[in-house]
Amino acid sequence: MLMALLVFTLAACGGAAPTPRGAENVAVNRYLWAASLDVLSFLPVQSADPFTGVITTGFGTAPGSGRAYRATVQVTDPAMDARALNLSLQTRNGPVAIETQRAIEDAILSRARQLRIADGAL
């Protein structure tokens, strides 16, 4: 009887059932997603998951630059808003200057607006 109680108690500690695939989806703005891939096309994509809104890249060299960069992008909202775009940009020596990061963010936002206008979604 004691053994059965112990087994039952341990089984109850197993935690919650795993979340089914897709239940953790984030609504992602398609223009920000496409613009991120366009602007960062010089970087090799390691993974791109439209269900979570995360794009990770390996190191790549920007045209006209001798410095290698890598990026992680997360689109967190269906709204086309700067707050929906999170960018982490690094060189092999660490994070980039804030001006460089803002320039890339601005380029992504500008490209997203161009894509939306071209799509006739305004």
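I started with Ile108, which sits in helix H3. I'm working on a predicted model, where local features need pLDDT of at least 70, side-chain atom pairs count only at pLDDT 80 or more, and totals for chains, interfaces and linings use all residues. Residue numbers run from 1 along each chain as its sequence is written, and side-chain values use heavy atoms, with hydrogens and water left out. Helices (H or I, at least four residues) and strands (E, at least two) are DSSP runs, numbered from the N terminus.

**Entry 1: Ile108.** Is Ile108 buried or exposed? I count Ile108 as buried because its relative accessibility is 0%. My cut-offs: buried is under 20% relative accessible area, exposed is over 50%, and partly exposed is in between (1.4 Å probe, protein chains only). Next I looked up what Ile108 touches, taking contact as heavy atoms within 4.5 Å. With neighbours within four places in sequence left aside, I get Leu32, Ala35, Ser36, Val39, Leu40 and Leu85. Leu32 is 76 residues from Ile108 along the chain, yet their C-alpha atoms are separated by 6.9 Å.

**Entry 2: the strands.** I call two strands paired if DSSP finds at least two bridges between them.

- E1 and E2 are antiparallel, with 4 bridges, and Val45 faces Thr57 in E2.
- E3 (residues 60–61) runs antiparallel to E4, joined by 2 bridges, and Thr61 is partnered by Ala68. This hairpin has 6 residues between its strands, and Gly64 in the turn has a positive phi of about 80°.
- E4 and E5 are antiparallel over 7 bridges, with Thr72 opposite Ser88 in E5.

**Entry 3: rings.** How many aromatic pairs are there? I got 0, with Phe, Tyr and Trp rings (six-membered ring for Trp) needing centres within 6.5 Å. I did find the charged end of Arg92 over the ring of Phe59, 4.2 Å from its centre. That test wants NZ of Lys or CZ of Arg within 6 Å of the ring centre and within 35 degrees of the ring normal.

**Entry 4: whole chain.** I count 3 helices and 6 strands, in the order α-α-β-β-β-β-β-β-α. Of the 122 residues, 28% are buried. For contacts between residues at least 6 apart in sequence, 42% join residues at least 24 apart. The chain exposes about 7900 Å², with carbon and sulfur atoms supplying 58% of that area. I took areas from the Shrake-Rupley method with a 1.4 Å probe; for residues, only the protein chains shown count as cover.

Notes
Phe/Tyr/Trp six-rings, centres within 6.5 Å; stacked < 30°, edge-to-face > 60°.
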